Amino acid sequence: MNAADRFRAAVDNKDLTALDGLFTEDIRFYSPVKFTPFEGKPMVLGLFGVLLRTFEDFRYVGDYTGTAQTSADGTSAPSAVLLFRARVGGKEIHGIDLLHLDDDGRIKEFTVMVRPQSAVHALGEAVLAGLVEDGLAPAPAGQ
């Protein structure tokens, strides 16, 4: 089973321990709702804890593999694109997960892209609330 298949299985099983073994220590997670990436395994695992309970009816519906340039340093890396469908706050989401792998087959960079904009907004609000609840982000000003 390749890294993308192991990742899919971990997400399907909501298995954070399996995800822990798939991420590099310095993983970078590029979110559709935050300009700068989430960095480091502890933060990204915390984020996945929030994501796994935020998405409703999450399912992967396709995949592609190849190579792509990473965002961090522009080097070409083995990559996989996983297409998904889900709901957040009643909004239907279409999205992709782009995984860049290191030489050991672990995920070193992870980018999520989703549509439509109304779903991106609902996802951003739900994830921020979950991060605040888990102590991984400060509460927004005025709350």
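K14 is exposed, with a relative accessible area of 53%; here exposed means over 50%, buried under 20%, and partly exposed in between, using a 1.4 Å probe and protein chains only. You will find K14 in the loop between α1 (3-12) and α2 (16-22). Its phi is near 50°, a positive value in a residue other than glycine. Keep in mind that this is a predicted model, where local features need pLDDT of at least 70, side-chain atom pairs count only at pLDDT 80 or more, and totals for chains, interfaces and linings use all residues. Residues are numbered from 1 along each chain as its sequence is written, and side-chain values use heavy atoms, with hydrogens and water left out.

Let us step back to the whole protein. It has four helices and six strands, running α-α-β-β-α-β-β-β-β-α from the N terminus on. Helices (H or I, at least four residues) and strands (E, at least two) are DSSP runs, numbered from the N terminus. The C-alpha trace spans about 45 × 30 × 30 Å along its principal axes. The radius of gyration of the protein is 15 Å, which agrees with the value near 15 Å that a compact globule of 143 residues would have; this radius is taken over C-alpha atoms, and the globule rule is 2.2 Å times the number of residues to the power 0.38. Of the 143 residues, 43% are buried. Among contacts with a separation of 6 or more, 51% join residues 24 or more positions apart, a contact being heavy atoms within 4.5 Å.

Now follow the chain to S31, in the loop between β1 (23-30) and β2. S31 is buried, with a relative accessible area of 14%. Leaving aside neighbours within four places in sequence, S31 is in contact with F38 and V112. The C-alpha atoms of S31 and V114 are separated by 9.3 Å, although the two residues are 83 apart along the chain.

Next comes helix α3, which covers residues 41-54 and includes K41. The helix has 14 residues and reaches 20 Å from its first C-alpha to its last, close to the 20 Å expected at 1.5 Å a residue; the expected span is 1.5 Å times one less than the number of residues. α3 is mostly covered, with 11 of its 14 residues buried. K41 is one of them, with a relative accessible area of 10%. Beyond its neighbours within four places in sequence, K41 is in contact with D20, F23, T24, E25 and I27.

D57 is partly exposed, with a relative accessible area of 43%.

The peptide bond from R115 to P116 is cis, with omega near -10°, and P116 lies in the loop between β6 and α4. Helix α4 (residues 117-133) has 17 residues and reaches 24 Å from its first C-alpha to its last, close to the 24 Å expected. Its buried residues are A119, V120, A122, L123, G124, V127, G130 and L131. Together they pack against β2 (38-39), α3, β4 (76-88), β5 (91-101) and β6 (107-115). Just after α4, G135 takes a positive phi of about 75°.
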